[in-house]
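Have the sequence and the model open while you read.

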Amino acid sequence: MSTTICCLGAGYVGGPTMAMIAAKCPDIRVTVCDPNEKRIAAWNSDTLPVYEPGLQEVVESARGRNLFFSTDVRKAIRESDIIFVSVGTPTKTYGIGAGRAADLKYIESAARMIAEEAQGPKIIVEKSTIPVKTAEAMMTILRSNSKNGTFQVLSNPEFLAEGTAVEDLNNPDRVLIGGEQTPEGLAAIEKVVSIYARWIPREKILTTNLWSSELSKLVANAFLAQRISSINSISALCEATGADVDEVARAIGKDSRIGPKFLKASVGYGGSCFQKDILNLTYLCQHFGLPEVAAYWESVVKINDWQKSRFSTRIVKDLFNTVNGKHIGILGFAFKKDTNDTRETAAISVCRDLLAEGAKVYVYDPQVDEEQIRADVLGTGSNPNLIVVKNVGEACHGAHAVAVLTEWDEFKELDFQKIYEGMLKPAFLFDGRNILPHAKLREIGFRLFAIGKPY
Ligand SMILES: NC(=O)c1ccc[n+]([C@@H]2O[C@H](COP(=O)([O-])OP(=O)(O)OC[C@H]3O[C@@H](n4cnc5c(N)ncnc54)[C@H](O)[C@@H]3O)[C@@H](O)[C@H]2O)c1
């Protein structure tokens, strides 16, 4: 009998990962389920809820054949041998550990639902990023609540990066699968390994014990974020000394021990994962009596917050210490290019800072819709000074200053001469991603600020 898989959670991870498995394994039936009706309807439509280059094609190659999207979570659980859990694990906003610990309410309710519905042997795969030892809690919930199910819990954290999810899933650096080191646990690991091995070389599929796998995901994100905060901290020193952060990054990146990737200074990292996973790591360190380790990792988040506010402060200072009533164009709102995800994007902080100073903020992003931008910046409130526009021209025409906050390719090749002519003078440009042609812009007449660059 061929394998049947389901995934609880049709988000940025569940949707693309399952679509890739279905596309690569036509004989495996894959159902992605989520109680969110709007999301499931979008997965079943031509406008997917997640924007990722190449994703539409992957979904269309398998949808209706062996890939299904459904709101009937319980049915999918009953019918599946392998159940991936890819629900959200946001930072807790209440009670013990608020602001740091991961909120595991969705994980727990998924485990309880699986326990209620499961009959016979099931392999449960944690895809969500969770604190170390969550598998133990899941196993306890499953084994003490199920009448007829038997369970193996595996950890298979997802390392895809938004914006390159399809490429990352098609050709990952590695796949990590952790499980109990018992004959049953090792057999479950092998079953999941054999799925990935359909298109990923075996030597790239690492197997470990449960706790190493769970912890590795948090540590990977902490190291990635640490590199960004490291280069961002140096960007401030470059601005103070006349060094150029891109030149410094190139020089140190040539050292094979350091390597060239992830050394791009910017207005600060965003995304749903880095901040939440580091905060979770620091919470775990505190919990296990390691306050020095917690403080070390916490500084990575502090530098990121500082970098974002340093950028807003710079705009205000350069505009003669007031932006009150001034038109500021914001180019880009997503936390990085090639995604419509705005969670924790630096643009939220920058827009809020400018609005707090009384600026009129005109925001344009090629993939993020108005409703999302308003909700992110204002919550349920309103502010007539936040204006979401449909193109670059509307954001920039009549502006005192323009700030680039997302590195969308289309911003690199704009008609800057025309933008300059439409702006008030002096025309200020703030490049929060260091993607613009700086020398040319200065020649045109812009007053340009770029992260970690000499003036
Ligand atoms: N976004 C990323 O780039 C990324 C990368 C690697 C790992 N992760 C991790 O993967 C997990 C999921 O992230 P995401 O970005 O896909 O989140 P998301 O918020 O986009 O999606 C989670 C979905 O789970 C659904 N859900 C909640 N409870 C459910 C239940 N009981 N049954 C079925 N569905 C349920 C929600 O309705 C939601 O649609 C998180 O732990 C995250 O840290 C995310």
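Helix α9 (residues 210–241) and helix α10 (residues 245–253) have axes that come within 9 Å and cross at roughly 130°. That angle makes α9 and α10 oblique to each other, and their crossing is right-handed. A word on the ground rules: this is a predicted model, where local features need pLDDT of at least 70, side-chain atom pairs count only at pLDDT 80 or more, and totals for chains, interfaces and linings use all residues. Residues are numbered from 1 along each chain as its sequence is written, and side-chain values use heavy atoms, with hydrogens and water left out.

**How the terms are used**

- Helices (H or I, at least four residues) and strands (E, at least two) are DSSP runs, numbered from the N terminus.
- Axes are lines fitted to C-alpha atoms, for helices over the stretch in contact, with angles running from 0 to 180 degrees between N-to-C directions.
- Angles under 35 degrees count as roughly parallel, over 145 as roughly antiparallel, 65 to 115 as roughly perpendicular, and the rest as oblique.
- A crossing is left-handed if the near helix is turned anticlockwise from the far one by less than a right angle, and right-handed if clockwise.

**α9 against α10**

- On the α9 side, I231, I234, S235 and C238 meet V245, V248 and A249 of α10 (contact means heavy atoms within 4.5 Å).
- By class, this α9 and α10 contact has six nonpolar, one polar and no charged residues (Ala, Val, Leu, Ile, Met, Phe, Trp, Tyr, Cys and Pro count as nonpolar, Asp, Glu, Lys and Arg as charged, and the others, Gly among them, as polar).

**α1 against α3**

- The axes of helix α1 (residues 14–24) and helix α3 (residues 55–62) come within 8 Å and cross at roughly 50°, which makes α1 oblique to α3.
- Here the crossing of α1 past α3 is left-handed.
- P16, A19, M20, A22 and A23 of α1 meet L55, V58, V59, S61 and A62 of α3.
- Sorted by class, the α1 and α3 contact has nine nonpolar residues, one polar and no charged.

**α13 against α14**

- Helix α13 (residues 346–356) and helix α14 (residues 370–378) have axes that come within 9 Å and cross at roughly 65°, so α13 and α14 are roughly perpendicular to each other.
- α13 passes α14 in a right-handed crossing.
- I348, C351, R352 and L355 of α13 make this contact with D376, V377 and L378 of α14.
- The α13 and α14 contact splits into five nonpolar, no polar and two charged residues.

**The cores**

- What does the largest nonpolar core hold? It has 64 residues, and F311, L331, L354 and F446 have the most contacts inside it (a core is a set of buried Ala, Val, Leu, Ile, Met, Phe, Trp, Tyr and Cys residues joined through side-chain atoms within 4.5 Å).
- α13 gives the most to this core, with seven residues.
- Another core, of 43 residues, lies apart from it and includes I21, A22, V50 and V59.

- A76 lies in helix α4 (residues 73–79) and is buried, at a relative accessible area of 4% (buried means under 20%, exposed over 50%, partly exposed in between, with a 1.4 Å probe and protein chains only).
- Leaving aside neighbours within four places in sequence, A76 is in contact with C6, T31 and C33.
- I141 lies in helix α6 (residues 134–145) and is buried, with a relative accessible area of 12%.
- Not counting residues up to four places away in sequence, I141 touches E108, A111, R112 and A115.
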